[in-house]
Amino acid sequence: MSLSMKDAQIFSNALKKARKKLHLTQATCAELLDLSVSFEKDLERCRCSPSIENFYHICRTLSISADDCIFQDGYDRTGST
């Protein structure tokens with residue numbers, strides 16, 4: 001199952017922002033994530049979606065909040081006030 005276009009764009013933006021924050025090139029980032037450079041570029045361009053395993057790995061490795069990618073709208077879904 002792939003991400004919706006909106007969700008893929010949110011993830012793409014988060015990936016690119018995290019990569020730039022760490023001062024990584026796309027090639028270096030791909031190497032760090034153990035992905036091909038073309039796949040990393042396609043993720044940033046919303047041409048494909050990561051598997052759930054890759055999503056988790058990318059978020060953990062680059063310190064991307066999965067919640068920010070999933071709940072981009074800022075809505076608190078925990079039920080707390």
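**Stop one: the second largest pocket.** The second largest pocket has a volume of about 220 Å³. Keep in mind that this is a predicted model. Which residues lie nearest the centre of this pocket? Select L3, D7, I52, F55 and I70. They belong to a lining of 10 residues.

Now colour by helix. Helix 1, helix 4 (52-62) and helix 5 each give at least two residues to this lining. Next, colour by residue class. Eight of the lining residues are nonpolar, one is polar and one is charged.

**Stop two: the largest pocket.** Move on to the largest pocket, which holds about 350 Å³ of space. Select A14, K17, A18, I64 and D68. Of the 14 residues in the lining, these are the closest to the pocket's centre. Two elements give two or more residues each: helix 1 (5-21) and helix 5 (66-70). Which helix supplies the largest share of the lining? Helix 1 does, with six residues.

Keep the class colours on. This lining splits into seven nonpolar, four polar and three charged residues.

**Stop three: where two helices cross.** Is the crossing left-handed or right-handed? The crossing of helix 1 and helix 4 is left-handed.

From helix 1, select F11, L15 and A18. From helix 4, select F55, I58 and L62. These residues make the contact between the two helices. By class, the contact has six nonpolar residues, no polar ones and no charged ones.

Two of these names have come up before. F55 is among the residues nearest the centre of the second largest pocket. A18 is among those closest to the centre of the largest pocket.

**Stop four: an arginine.** Stay on helix 1 and select R19, which is found in that helix. Is R19 buried or exposed? Its relative accessibility is 8%, and buried means under 20%. So R19 counts as buried.

What does R19 touch, leaving out residues up to four places away in sequence? Select L24, T25, Q26, C29, E40 and E44 to see these partners.

**Last look.** Bring everything back.

Technical notes
Residues are numbered from 1 along each chain as its sequence is written. This is a predicted model: local features need pLDDT of at least 70, side-chain atom pairs count only at pLDDT 80 or more; totals for chains, interfaces and linings use all residues. Side-chain values use heavy atoms; hydrogens and water are left out. On a 1 Å grid over the protein atoms alone, a cavity is a set of points where a 1.4 Å probe fits but cannot get out, and a pocket is an open set with protein on both sides within 12 Å along at least five of seven lines; lining residues have an atom within 4 Å of a point. Grid points are joined across faces, edges and corners, and a volume is the space filled by probe spheres set on the points. Helices (H or I, at least four residues) and strands (E, at least two) are DSSP runs, numbered from the N terminus. Ala, Val, Leu, Ile, Met, Phe, Trp, Tyr, Cys and Pro count as nonpolar, Asp, Glu, Lys and Arg as charged, and the others, Gly among them, as polar. A crossing is left-handed if the near helix is turned anticlockwise from the far one by less than a right angle, and right-handed if clockwise. Contact means heavy atoms within 4.5 Å. Buried means under 20% relative accessible area, exposed over 50%, partly exposed in between (1.4 Å probe, protein chains only).
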